[in-house]
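Hi,

Here is the structure I promised to pass on. Have a look at it first, and my notes on what turned up follow below.

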Amino acid sequence: MLLLGCIKEVSDYELAISLPNGLSGFVPVTQISDAYSKLLTKQVAQGEPLEELNSLPDIFSPGTLVRCIVTSIEKREDGSRSVKLSIDPKKVNKGLSSTALAAGMLLSGSVLSVEDHGYLVDIGVTGTHAFLPHQKAKNYIKAAKKGPDLKIGQNLNCLIVEVKNEGRMVSLSIDRSEVAASIASERQNWALSNLLPGLVVKARVQKVAPLGLKVTFLSYFTGIVDFMHMDPEKIMSYSPDQVVKACVLSVHPTSRAVRLTLRPPFLHPGGAPRQLPGQRMGAVLEEATVKAFYKQFGAVFELDDGTLAFARPKHLSKTRKSLKPGAFKEGSKHKCRIIDYSLMDEMCIVSLKHQIIEAQFLQYQDIHIGDVVEGKVLSLKPIGMQVKVADGIRGLVPSLHLSDVILKQPEKKYNIGDEVKCRVLECNPGGKKLILTLKKSLVQSKLPVLSNYEDAKPGLITHGFVVCAREFGCIVKFYNDVKGLVPKNELGSEPISCPDKVFYEGQVLKVMVLKCEPQQERLLLSFRLSSKPNAEDKWKYTPKEKQEVKYRIGEIVDVKILKKKDNGLEVSILEDEDNVVAWIPMLHLSDFVAISKLLWHCLQEGDVLHRVMYLCDKGEHIILTRKSAVISAVQEEQVVRSFSEIQPGMLLTGYVRNVMPFGVFVEFPFGVTGLAPKVSMSDKFVTDTKDHFVVGQTVIAKVMSIDEEKQRVLLNLKVSECSGDSAAESFALLNQYFKELKEIKNLLKRGEPSICELVPGKRMHLVMQDVREDGSALFSGSSVTGLTVIATRYHLGDKNIAPGEKRKAFVLHVDALTSEVYVSLREELLKQRP
């Protein structure tokens with residue numbers, strides 16, 4: 001059966017579709033189009049995201065009309081039916097043949113590929129190539145605001161502009177004004193086998209009946225307009241032989257019944273039905289007036305704001321048998337609740353059932369994190385317990401949360417059908433995901449609910465649960481996936497040597513917030529609920545006070561490396577009587593992230609670093625930086641010392657603090673931070689922010705705007721916007737890069753002298769050792785002892801080489817970090833003059 005539907009919700013895996021007469025259905029991600037399914041299969045096969053594959057929310061928007069075909073109707077456990085749909089043009093347009101195509105026809109298409117002059121579109125007609133020129137798509141793209149181009153799999157309402165070669169080639173348009181003006185006509189030779197929903201036709205009223213109208217259209221078609229789809233403004237004025245504009249809603253293939261609508265928003269192809277204001281959903285109305293009652297279909301009500309609503313027979317009374325038609329005379333008033341909104345009928349769906357009117361929750365949006373809810377046990381599985389909170393709302397209690405202690409046999413404590421009181425840990429209405437806990441200490445807790453990092457103010461005491469206990473301390477989780485670290489020294493008043501033996505996963509404990517950095521989503525916690533530091537902790541605070549007085553931001557010092565740690569260097573400041581200990585994060589060793597890692601690899605404890613700048617004071621240590629661009633900016637006073645000094649248009653040197661899906665956070669000396677949103681990150685279109693920036697990268701940012709009230713700075717990182725004296729700056733940066741490379745080479749000489757002698761272009765004799773699975777080969781030789789020498793399959797040349805053979809090779813690249821040398825055996829490289 002073919003239907004016109006309206007997208008209600010879009011998730012990553014399916015589209016929820018509103019259908020006529022209050023029905024709804026789902027389009028799985030595999031039923032979008034052939035081209036989209038192929039990309040999905042390719043992504044699954046290679047196990048990583050494809051650039052050309054866009055998610056459903058990137059392609060589809062709620063409120064858009066789509067043509068659907070019913071693929072199956074499944075019966076759910078609770079007896080309700082689930083309607084599965086497809087919007088694949090090959091299925092929707094299966095009744096059309098290439099010879100039946102005519103100019104002016106309106107049909108569904110799906111973007112197949114992006115070409116130089118336009119798009120190839122799949123219209124589901126075998127033997128026909130459909131092309132959409134850029135000129136006919138630009139207005140649509142501008143209005144849709146879904147990026148600069150149409151995307152593969154995007155569903156389009158296409159108008160055939162021209163048909164060539166007996167239907168083998170067609171030219172399309174999706175221009176909104178052209179599509180909106182199209183009316184199906186007899187000369188397009190529509191047949192019942194290929195008639196499509198969404199077509200706007202001129203119809204003649206044949207008969208007026210209490211439940212609707214019977215109409216004729218396109219010369220010999222007959223159809224029905226039911227009472228829900230007559231224009232509410234003209235419902236009493238229809239008469240036989242009257243000519244009206246109508247839109248095809250559905251076509252049933254076996255009964256050959258065609259249903260149409262006369263509602264205004266559907267009478268222009270590509271129109272969109274009216275939405276229900278969000279605050280109306282779930283509203284309880286004391287008096288709704290009956291406008292009409294139909295024993296088989298239900299009742300139509302007029303609500304307090306004059307809009308119409310519909311209730312099915314099952315929602316008019318407790319049971320169908322107890323339904324009394326006499327209670328629904330025209331003009332009678334009833335208490336009801338809005339439980340849904342049918343986009344296709346532009347009507348609220350209401351219920352008069354007492355248990356629904358009194359229900360605490362109707363949809364996932366009604367549930368808030370931290371709410372205590374009651375539910376019924378539906379099932380017990382290894383991952384946890386499924387709980388029914390209300391009709392259509394189900395939640396999961398993970399096995400860790402079935403009790404304050406871990407239950408090995410939960411089936412002995414809980415039975416299917418039991419009533420349970422839970423607390424909401426996480427709720428994602430879009431994904432219909434609800435995570436609950438049954439831990440009594442959390443359910444009965446009177447302490448504040450911590451559900452976002454912004455609320456984690458130092459000194460806050462709340463309940464959390466342990467998710468991990470290791471030698472470094474405990475990771476504690478709260479609501480909405482907020483988590484933090486309790487370091488080893490904050491686990492208790494007495495030192496705890498083995499936290500994993502004292503604390504267990506799932507244990508609920510009171511914790512106090514010590515420090516929070518919301519933008520980094522970093523949270524430092526303590527199990528010691530007293531805010532006063534112990535005597536043993538005093539040493540941490542005294543040096544800090546001295547350091548604050550002694551060193552100022554921008555001061556240059558020389559340091560000696562005391563200890564190498566995974567993420568940086570612990571150093572002592574030379575020529576300081578107090579032997580002040582400071583910290584250089586690995587990414588602050590250089591302006592260049594790759595060089596930072598190389599420098600860290602080459603440096604040893606005891607080495608002295610010159611010209612290091614005092615940057616800030618965080619926690620126990622003062623932080624130093626060796627980034628030359630940042631040091632120059634501070635010394636040349638091209639910095640802002642506080643938020644009040646920032647002005648739009650300024651160019652500031654900083655470093656990337658965090659890369660998020662929505663943008664990049666940049667930190668500047670003196671602690672000011674700003675956000676470069678995704679649209680302002682690059683001159684190129686940004687799909688994934690991580691492809692453009694990495695944490696620690698030195699950047700020049702332009703201040704776009706400031707919000708004094710919220711203390712926010714918006715930045716622009718586009719090269720075209722941020723280049724000042726670009727030539728001079730570029731040469732200075734390049735010079736610094738080579739200077740640091742030379743420094744690394746000198747450091748390598750003492751530990752790995754053989755690597756320093758290997759430069760790209762050097763020729764040497766090597767012995768082949770082995771061939772790997774990917775076709776690359778490993779070599780050895782006296783000049784490369786202790787190094788891994790690799791030649792990829794391409795660089796082995798055309799000749800077959802056996803293990804043990806000696807060959808001449810050409811050095812392509814030396815990776816000092818991994819001690820790998822890449823070589824080539826190709827003749828054309830070896831023949832070149834050294």
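How far apart do the C-alpha centres of domain 4 and domain 5 lie? The answer is 24 Å.

Before the rest, some housekeeping: this is a predicted model, where local features need pLDDT of at least 70 and side-chain atom pairs count only at pLDDT 80 or more, while totals for chains, interfaces and linings use all residues. Residues are numbered from 1 along each chain as its sequence is written, and side-chain values use heavy atoms, with hydrogens and water left out.

On the domains: the protein is split into domain 1 (283-358), domain 2 (364-444), domain 3 (460-526), domain 4 (555-626), domain 5 (631-728) and domain 6 (762-831), with bounds from an automatic or database domain assignment.

Back to the pair I asked about. Eleven residues of domain 4 are in contact with eleven residues of domain 5 (contact means heavy atoms within 4.5 Å). Together the two domains bury about 900 Å², 62% of it on carbon and sulfur atoms; that is the accessible area (1.4 Å probe) lost on putting the two parts together, summed over both. Strand S34 (residues 608-618) supplies the largest share of the domain 4 side that touches domain 5, namely four residues. (Strands are DSSP runs of E, at least two residues, and helices are runs of H or I, at least four, numbered from the N terminus.)

The count of salt bridges between domain 4 and domain 5 is zero, whereas a search of the whole structure finds 23. The rule there is a side-chain nitrogen of Lys or Arg within 4 Å of a carboxyl oxygen of Asp or Glu. Lys90 and Asp34 form one, with the closest N and O atoms 3.6 Å apart. That pair links distant parts of the chain, 56 residues apart: Lys90 sits in helix H3 (residues 89-92) and Asp34 in helix H1 (residues 34-46).

Now the barrels. Five strands form a closed barrel in the order S6-S7-S8-S10-S9, with mixed pairing (two strands pair if DSSP finds at least two bridges between them).

Cheers
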